[in-house]
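Thanks for coming. Please take a look at the structure on the screen before I start.

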Amino acid sequence: MRIVMIGTGYVGLVSGACFADFGHTVTCVDKDQSKIDALLNGEIPIFEPGLDELVANNVAAGRLSFTLDIAEVLPEADAVFIAVGTPTRRGDGHADLSYVYAAAEEMAPLLRDGAVVVDKSTVPVGTGDEVESIIAKTAPDLKFSVASNPEFLREGAAIDDFAKPDRIVVGVNDDHAKEVMEAIYRPLTSNGALLIVMNRRAAELTKYAANAFLATKISFINEMADLCEKVGADVRDVAHGIGTDSRIGGRFLMPGPGYGGSCFPKDTLALLKTAEQFDAQQAIVEAVVKSNDDRKAAMGGKVIGALSGDAKGKTVAVLGLTFKADTDDMRDSPAIDIVRALTSAGATVRAYDPEGMEQAQKIDGLGADDITYCEDAYSAMEGADALVIITEWKPFRALDLTRVKELMAAPVMVDLRNLYSRKDVEANGFTYVAVGR
C-alpha cells in the first residue's frame, strides 16, 4: 500500500516508520522545514527508544521518505493518515482541530478516487464527519472514504506497542474503507493481532474512553495511597491485592505524583467538553481531572513537609523532570508543579533528567535562570538538603546510597515513585518519605 502520513510528530513519525517496516511505501509530510531537514539528515526530533534505527533502516530500504511537498505524493496515495496535533484549545478546553481541518482542506483537490483518509490524531466524536464534509465540499466529484484509527501507543514503548498491539481499532462507515484498513494492517492480523472494526464515531470515542479509564485507575490508587498513609497500610500491598483480581488488573495501579503527558490530561478534558456539548454528565471523569490536579499540587507540599515545613534557603535535588521515563516529553509533567512550588517557597532546585532537560528549560518557571541543571544525578545532589525522585528512570532505581549521603547536606529522600525499600534507605541513615507507605 502507498501511504502518506501528514505530520511528523510523535504519532506520525512512529506510525509511519512502523508501517514502512511492515513493507508499505510511506511518505511523511510536514510543513516544518526544520523537522524535514533533520529527518532527511537522519536526525530524529523526538526521543523514543529504537526509533532512530527503525527510521534509518526503512529509509535505506527505500520504503520511508520525508517531504514538505504534499502535492508531490498525495495523488498516488491509497491511504492518507492525518497525524497532526490536537492540543487543548486555550480559553474553553476543547480540542483544537484547526490543524486537522486545514489538512483536510489542503488534501481535498489532490486525492485520487478511492483514497481513504484516516484520522490518526486523537479527535472528538464527529470529527470524521466534518473532515468528510470539508473534502466533499472542496472536491464534490471525488469518490473517497474517511476512517478513524486511534493510536494507543505508550511513550517509551511505542514501537513494541505498534508491532504487538493489544488491539487495533478501526472506525469505518463503508466497505471500501474497511477493506483498505484491513489490507494496511494485514501484516499484523496475519500474526494474530486483533482488529476491531466499528463505526467511525464509536472509534473516535473509544480513544477518549480508554484514556479516561486509565486515568481513573491512576487517580484511584493515588487516593488510596493517601488513605494508606493515614491508616498505616502499605499501598503496594493494596495495589497487589486488588490488581490480582482479573476484573481489575494490576497495570496503572502504581501510585505516584499524578499523571501527565500528551494524552491523559488533554483527552480527559476533551471528553468532558464533548459530554458537555451533548448534555451527558461525566461525574467520574470530572472527579478524576480534579483529583489529578489536586494530586500534583499537593506533591510540592509533601517535599516541603519533609524539610520540616520550611523550604526557604534549602537546596533540593530533583531527579526526573519528564512525565514518565523513556521519553523527553514534558507536557503536563508533575515535575512542573513540584519545581514551581519549591522555588516559590524559597528553595534552590538542582535538577537532572536523562532526556528531558532541553524541553524542560522551555517551560515557564523551569528555565536555566530559575533552577540549576546538572550533568548527572550525583552532581545534582551536591549540598542538597533533600533528594526528590519524580520520574522512574532506570538509573534512579539503584543509586549508591553511601555516595548520596556523602554528597548531601542532609540525608532526606522523598521517593514519589516508591522505587526504594524503606528498610534499605533508613539503614543508610536517611529520613525516607514515600507515597502511600
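This is a predicted model: local features need pLDDT of at least 70, side-chain atom pairs count only at pLDDT 80 or more; totals for chains, interfaces and linings use all residues.

The chain has 18 helices and 14 strands. Its C-alpha atoms fill a box of roughly 75 × 50 × 45 Å along the principal axes. Now the contacts between residues at least 6 apart in sequence: 73% of them join residues at least 24 apart.

Next, helix α11, residues 235-243. Which of its residues are buried? Val235, Ala239 and Gly243 are. Seen down the axis, the buried residues of α11 fall within an arc of 65°, so they line one face. The background is simple. An α-helix has 3.6 residues a turn, so residues three or four places apart point the same way. What covers the buried residues of α11 includes α10, residues 200-231. The face turned away from the buried side carries Asp237 and His240, both exposed.

Last, Lys296, in helix α13, residues 283-306. Lys296 is buried, yet has no salt bridge. How far away is the nearest side chain of opposite charge? That side chain is Asp332, at 4.1 Å. But the Lys296 side chain does reach the backbone oxygen of Asp332, at 3.2 Å. Beyond its neighbours within four places in sequence, Lys296 is in contact with Pro257, Gly258, Tyr259, Asp332, Pro334, Asp337 and Ile338.

That's my tour; questions, please.

Definitions and conventions. Residues are numbered from 1 along each chain as its sequence is written. Side-chain values use heavy atoms; hydrogens and water are left out. Buried means under 20% relative accessible area, exposed over 50%, partly exposed in between (1.4 Å probe, protein chains only). Helices (H or I, at least four residues) and strands (E, at least two) are DSSP runs, numbered from the N terminus. The arc is that of the directions from the helix axis to the C-beta atoms. Contact means heavy atoms within 4.5 Å. Lys and Arg count as positive and Asp and Glu as negative; His and the chain ends are not counted. A salt bridge is a side-chain nitrogen of Lys or Arg within 4 Å of a carboxyl oxygen of Asp or Glu. A polar contact is a pair of N or O atoms within 3.5 Å; within protein, one must be able to donate a hydrogen and the other to accept it, and residues adjacent in sequence count only if both atoms are side-chain atoms.
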